[in-house]
Structure formats: C-alpha cells, structure tokens
Amino acid sequence: MVVISSWLARTALCLSVGIAGVLGQDDIDVNSFAKANSLNVKINVARGLINSTFAGGRVVVLFAPNGTDPIEDTDVVSSPDHFYGKNVVSFGPRDTVTLSGGNNDNTAKGVYGFPVVGLQDLPVGFYTVQAFLNPYENVTRSDGSVVSVHFPCGDDGFGSLVTSAVDVEVVGGAQTIQLSFDSIEPVAQFVGTEIGGCSQGNYADTTLLKYVKIRSKKLSAFWGRNMYVGANVLLPAGYSSGNKSKRYPVVYSQGHWPGGTGPFSYPRATFSAAWNNGSIPANAGGPARPAPQLILVRFRHETPFYDDSYAVNTPNIGPYGDALNEELIPYIDKTFNTIAQPYARIQEGGSTGGWESIANLIFRPDLFGACFSSYPDSLSFYRHQAINLYENTNAYINPDGSSTTSIRTFSSPTNDTPIVLATTEQENHWELTQGTSSRSFLQWDVWNAVYGVQGYNGYPLEPWDKVTGEIYPGAVEYWKHMDLAGYVVENWNNSKNLGVNLAGRVFVYVGTHDDYSLNMGVQSFQNRTDAISPGWANITYGIGQVHGGNYQRREIWNYLEFLDAFIQAHAPNGTTPLSAAATSPKIRGNRWNDVMRYGGRKAAVARQADPKITNRKDEIKMGAIVKATVGRWDPGMDLTAMWAVNGESTSKGFKVTHGMMLQYPTLQTGGAPYNLSLWVTGEKRNYDTETRMSNAVQVGL
C-alpha cells in the first residue's frame, strides 16, 4: 500500500518549463456545451512540440493556491489542489481539448473533479493552474482484449505533455482559461548498459550492487511488444563470481518501484558501509561479528497499471508471476552463485511487498521456503482495508451509516480512537480524476487490476461503482481466486494439502494502528485459518504500531541474522528441513493458463448472453404467456428492457435486473399474427451502451 499521485508525482522531478500560458477572462467559447456562466479550460499544443497523434490519454488540470507549485503536493491527504480530469481520444499536434462542466454521470467522456466535481462549482479566487496529458497506446493483447494504456519507462511518467504554470483569477462568471502544452517530460537519463533502453530503468553496476534485466518472452507475447523485468542484486562482501563452490541463499525483498536503489535502501541506508565491509559493528547487543552471507534482491517490474505488478499472474496485467519466477529468477541463479533450492529462497516485504511475499509463497511453495510478510495488503476480502467486500452493499458506507476509512492516524500508541485522514470515497474520487477504467496508476485501481478479472470492456472488472461505491457482488465473486485466506482454506486438505505443506512457513507482522487498517485483513486471515488449525500461521501484532518497518520492527542486522538462521535451520542438514512433498511442483497455484481461463477475454465473452425467449416452440398461440430472460451481462450493468413487435418497440423501456425472468401476455383472441422479441439495453460506467435482441417468436398461428 502506498499513497502517491501516480505520474503527476514523477513529473515534479523532471518538469521542463516552457512558454507561458495566456488567461483570457473575456474569451468565451461560443461552442461550449456548458452553461453560460461556466468555467472552461482550453488547451492546445505548442507548434513543433509533437509530430504525431496519440491514440488517447488522460488530461489532468490542477488548480493550486496562487503562487504555489501545483505538483508540489498532490497527495489525497494533504494537497490543497483542485483536480480535474478528462479522457482524450486521438489527440494530435493541431488538436485542442476543452474541459468544461463536470458531473458524476459522464466520467468516461466528460470532466470529473476532486474535491469539487464540476469546474462550474470551483470556488472563485486566485489560483496557479497547470495541465498534463498522460498519453495512452492502443494495444491488442494475445487473448484478443483491446485496451488503451500508458507504458511507463523507468519512471512511470515518461511522455507526459506539460503546460507552463499560469496564475489566474477564477471570477465566477463566463470565463475561459487558455493553456498550451509547451514541454514534454524528458526521458530519465540512464547510465547503465542493460538491454531494453529505459524500460524498467537502466543502471550502472557498482562493486556489490548489480543490475540485471531480461526480455520476458511470456510478457512480450501477452502484450504484443517487447516487455522487460529487472532486478537489483546486492552481493555480500567477499563475493567472488569465479568461486562456484561458495554459494549463497537469496532473500527476495518485494516492494514498490525501487529505481536504482538496492534492497533495504542500499546504499543510502545506514547499514550499507558495514555491509560493504562484511562485518556488523560492535554495539550494546554484542561484539563485532561477520555479516550474514546472503544475496539480497529487489525486482523492477512496473506495468501499465502501477509501479509494480504485484508479482503474480493476472488476466489484466499479464504473466508477471511467471516472468519473475520462471524467467528472471533462473537468470539470477545462472548469473550469480546462488543456492537454487526452495529452502534458500526467502520472500519478504512490507505493504504491497508484504502481499507479494506471502502470495508468492502461497502460490509457489515449490519455489520459496518461507515468507516474512509485514503489514500486507488485504489477505482476506472480508476486510479489504476496512471494507467487508462479501457482506457490505457499499464500499464507502458502513452498515451503521459511517464512512469507511482509507487512511488514518492515532494521537498515541495507547489511544485506539482513529483520526481519519481520508475516507475510501475521497481516495477513490481523487483517483478517478487521474484515470478511468482503473488506469489512475494508483492504489485502489491496481487492486482492481490484480485481484479482479477482465471486464467485457477489456479493462478490470471493478468491484464497485467508483462514484457511488455500490458494490457488485457478482464482480466480487471473481476476486475470490486472489483472496489468499480463501485460497489456503479451499486447498487445505486436497491434492495441494496446503494445511500441511505451508505449516511453519507463513510469518506475518502488522501493527494494530496500521495507517491503512491492514491489520483487519491480517486478523481475518488468521481467523479463517485458525478455524481449521489454531496457530497455523505465525502472526505477530505490534500493539500501537503503525505502517512501516522491517518484520516485527527488527533492526536491519537483527533481521538479516534472523533470516539467515531460519534458512540454515531448514536446509537439508538443518534441524527442520523442508520435505520434498512441501516443495513439490504439483502443489503450485496461479498457473497462467488457469488464470486466463478464469478471467481472460474468452471468459469475459462467455459470461455474456443475449436475451432469450424460452418458450419451447417458435410459434405461439394467442393467449399464451411468452417468457424470456434478460440475458447475462457484466455485474453492475443497468438494464432497460422493451418488447418489440415486428421489429418495432411497443412501449417505453422498463428497468430490469440481472437474472430476471420476464413475461409477456399475448391477446386472447383476434389480431393479425406478429413477431415478438425482447430488447435489452445495458449501460455502465466505462462501457459502451449496448442493446441486445432476443430470438423472435411468431405469435398468432
């Protein structure tokens, strides 16, 4: 879990300022569809800035307090800015985009803002205004799904068009603010010799910190373009590549995009000098002693949906689990003197890395020996942060009417009353300004992409309406394959036998005052596994502790020595060696073919069905009751039905619900024969409105 402002945050690091924009308070756009007293923002492209047309993208306009940098603080908790976003399609050098109005209904094609939804309601006053365009590329993936997404390049923000920051006064009447995209965020300057250019970064080796990157055949096949994954590999002091007889266990430290930083923030962290020397300094805990002989690894795997992939196979993001575990790790084992056995591979990490570390052990017990997961993202969807996805009807409102909390703090470790910094509704609405269809590159949206399946529109099948918070139980049902507690319980004593094979290998730590309520998901995970075998998972709760730190808040050397001791104890000649059954390839999960059968394009299409008149005969006598289904649609579709006679509607549409069986009473006598069919129209945010027609039956013969 992390709260950053996606590509806007990275833009702040390398913004190139160009020509000033122009404010014209009396320049009214007569073609604007907005009401006469509305505020409009018109943005064109400076001459010569770009030469080609983008397939699409997301424009975000920031209104910051006058005299402040609009991208200095874009965090949902602390930012003073007003955010407004709009999608663009086929945007080129001679195009102009106009932002006007804004409401909760047309978020896919119109303007959406936070904390004020519509531009027409922006408070009057003085602002510093700046706009950005994050370009998308149209991609047809190997399963036939088509999406328009942004491909990051080592900084998750490469390619954004940027306007200069302009001081304006919003006067409250008819007004148009004119801006111009006059600079492009430059590609980060990389100094390494890794393949793949800026994809996944490109860094120069140091004495002990080495960088590796490979082209993933699996990812490249899925995305239809060259895709890469990389790793930052920290070697122990005294390591010699030529000494093949000296081999080392590996700690895979999971987490967000690291850039060129090594595991555990090497070389900036305080332990770095001692690591280089291979000796732990003397302190109150004991004399100086040799540092653990371990190789530490941090992955680089940013994706079109987030700054990392969550290290598993998903139908929306692709086979990143296989790319890391079946392509990159074997390359690491070949390149460095590792011990390529499960007992000598440990997964660890915190927050997003906490979820990744435990998920990789649970799905790949054949590859890893144990996980030490700290404050992981939701392990059980009975508590997705604070939301009970399985039983609540709304993600933003608790059953008692209170708002669900997303980000919180506490006045002290002994005071258990939370101070709410951001509600789930606020954070989701903030995300929506930066991307629709789960493309904001932010936290709740990437969970949709990782945990969910593909929707019929090609994008993640979202579990609730992003504006209203209404939960779609049918969509939540498709999250269950990523509910780690449910997965363990389901495979407890079947052929995977996870109850036995994972026993003694799952270690989780979380603070009771976690900033994002992640302790709730840990507690639910424990409750569900304890119901079968009390104490099965090794869970530690830090009383009054918040989000952050190493496992059990251990000091770095204490932690590395602890991991080293665990590895030695579970080695073949250790006190508690891992059994062959516990690491059998037969017990792995999250297999790519299974993932796609469950949640890829073919599965999305198979979920659909046209309306159908179910009477046994195609010819129906007068007076009979015609029965019909409304068809099958993605969860969350609003459905309107009408009966059609001889290809023409007979009345206004009427609302229907998923799974409903309709009846049409025909006339008892008289009248000419006619053809009868049922038309059903489906509408949903981020979906094309679609009308489907049933088979026709002849009435009256």
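1. Leu662 first. In this predicted model, Leu662 sits in strand β32, which spans residues 661–665. Its relative accessible area is 8%, so Leu662 counts as buried, the cut-off being under 20%. Leaving aside residues up to four places away in sequence, Leu662 touches Val626, Lys627, Ala628, Val630, Ala641, Trp643, Phe654, Val656 and Leu678. Ala628 is worth a look: Leu662 and Ala628 are 34 residues apart along the chain, yet their C-alpha atoms are separated by 5.2 Å.

2. Now the sheet that holds β32. It is an open, three-stranded sheet with antiparallel pairing, in the order β26-β28-β32. β26 (612–613) and β32 are the edge strands, each pairing on one side only. Between β28 (residues 625–629) and β32 there are five bridges, in the antiparallel sense.

3. Seven of its 10 residues are buried, so β33 is mostly covered. Which strands does β33 run antiparallel to? One is β29 (residues 638–645), joined to β33 by eight bridges, with Met642 opposite Trp679. Another is β35 (residues 697–699), joined by three bridges, where Leu676 stands opposite Val697. Then there is β34 (residues 690–693), paired with β33 over four antiparallel bridges, and here Val680 faces Arg692.

4. On to the eight-stranded sheet. This one is open too, with mixed pairing and the order β12-β13-β17-β14-β20-β21-β24-β25. β12 (209–215) and β25 (538–542) stand at the edges with a single partner strand each, so one side of each has no neighbour in the sheet. From one strand to the next, the twist averages 20°. Within the sheet, β20 (residues 345–350) and β21 (residues 370–374) run parallel and are joined by five bridges; Gly349 stands opposite Ser373 of β21.

5. Two helices to view against that sheet. Helix α12 (residues 556–569) packs on it, touching β14, β17, β20, β21 and β24 (506–511), and its direction makes about 155° with that of β21. Helix α4 (residues 320–335) lies across β12, β13 (228–234), β14 (250–254), β17 (295–300) and β20, running at about 45° to β13.

6. Helix α13 (residues 592–599) has a clear buried side. Its buried residues are Trp592, Val595, Met596 and Gly599. These cover an arc of only 95° around the axis, so they lie on the same side of α13. Asn593 and Arg597 are exposed, on the face turned away from the buried side of α13. What covers the buried residues includes α2 (217–223), β18 (313–314), β19 (318–319), α4 and α14 (601–606).

7. Last, a helix pair. How are α6 and α7 packed? Helix α6 (residues 424–434) meets helix α7 (residues 443–451) at an angle of about 85°, with the axes 8 Å apart. That makes α6 and α7 roughly perpendicular. The contact brings Thr424, Glu427, Asn428 and Glu431 of α6 together with Gln443, Trp444 and Asp445 of α7. By type, the contact residues divide into one nonpolar, three polar and three charged.

Notes: Residues are numbered from 1 along each chain as its sequence is written. This is a predicted model: local features need pLDDT of at least 70, side-chain atom pairs count only at pLDDT 80 or more; totals for chains, interfaces and linings use all residues. Side-chain values use heavy atoms; hydrogens and water are left out. Axes are lines fitted to C-alpha atoms, for helices over the stretch in contact, and angles run from 0 to 180 degrees between N-to-C directions. Angles under 35 degrees count as roughly parallel, over 145 as roughly antiparallel, 65 to 115 as roughly perpendicular and the rest as oblique. Contact means heavy atoms within 4.5 Å. Ala, Val, Leu, Ile, Met, Phe, Trp, Tyr, Cys and Pro count as nonpolar, Asp, Glu, Lys and Arg as charged, and the others, Gly among them, as polar. Buried means under 20% relative accessible area, exposed over 50%, partly exposed in between (1.4 Å probe, protein chains only). Two strands pair if DSSP finds at least two bridges between them. The arc is that of the directions from the helix axis to the C-beta atoms.
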